[in-house]
Amino acid sequence: MGTSFSKIFWRNWLVVASAGWIIFGLCMLLLPDVMQLFFNRLFKRVLAADLPFSPAATDYINFTYGVLGAVMVGWFTNLLLIALGSFSRGEQAGWQTIATSIGLWFTLDTTYSLCNDYAENALLNLLAFAMFAIPLGATYRKFYPPSE
């Protein structure tokens, strides 16, 4: 039961985490005004939540949220399919692909956020990173058993 249950549990964790970020990306794509309010609140020290933008600026912000949301949907759909496919089959390539993808994104995005004084975004990144790092850490020895 231990290995099978554990494998299914961590696979399902990755599936739920990926699906959650797919929904977040869809919200950015389909509900950009709502997401703009969310990010305005998140970055309230930079932007007052009630700061009015010109219609052209609002349109551009909504457009960039839509593009970013579409990219997120595509990326996390790939991670979802990897979790259901090669990761679930116990293939090292599945574990490596998820770990590399999340690790690169986290390093680049968080470094950029901190260099530009957006610690709030770095904290949001840390939440997303943990959602994937926990199951990856828990399954590392299943994919890479110690050599004897």
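Colleague: Is Leu31 buried or exposed, or partly exposed?
Modeller: Leu31 is partly exposed, at 42% relative accessible area. Buried means under 20%, exposed over 50%, and partly exposed in between, with a 1.4 Å probe and protein chains only. This is a predicted model, where local features need pLDDT of at least 70, side-chain atom pairs count only at pLDDT 80 or more, and totals for chains, interfaces and linings use all residues. Residues are numbered from 1 along each chain as its sequence is written, and side-chain values use heavy atoms, leaving out hydrogens and water.

Colleague: Okay! Where is Leu31 found?
Modeller: In the loop between H1 and helix H2 (32–42). Helices here are DSSP runs (H or I, at least four residues), numbered from the N terminus.

Colleague: And where is confidence lowest in the protein chain?
Modeller: In H2, with a mean of 81, while helix H4 (residues 92–115) is highest at 98. That score is pLDDT, the predictor's confidence in each residue, from 0 to 100. The chain averages 90.

Colleague: New topic: which residue is the kink in H5 centred on?
Modeller: Gly137, with a kink of about 35 degrees. The bend at a residue is the angle between axes fitted to the seven residues ending there and the seven starting there. Among the buried residues of H5 are Pro135 and Leu136.

Colleague: How many salt bridges does the structure hold?
Modeller: It holds 1. Arg89 pairs with Glu91, and their closest N and O atoms are 2.7 Å apart. A salt bridge needs a side-chain nitrogen of Lys or Arg within 4 Å of a carboxyl oxygen of Asp or Glu.

Colleague: How accessible is Arg89?
Modeller: Arg89 is exposed, with 57% relative accessible area, and Glu91 is partly exposed at 33%.

Key:
Helix = DSSP H or I, 4+ residues; strand = E, 2+ residues; numbered from the N terminus.
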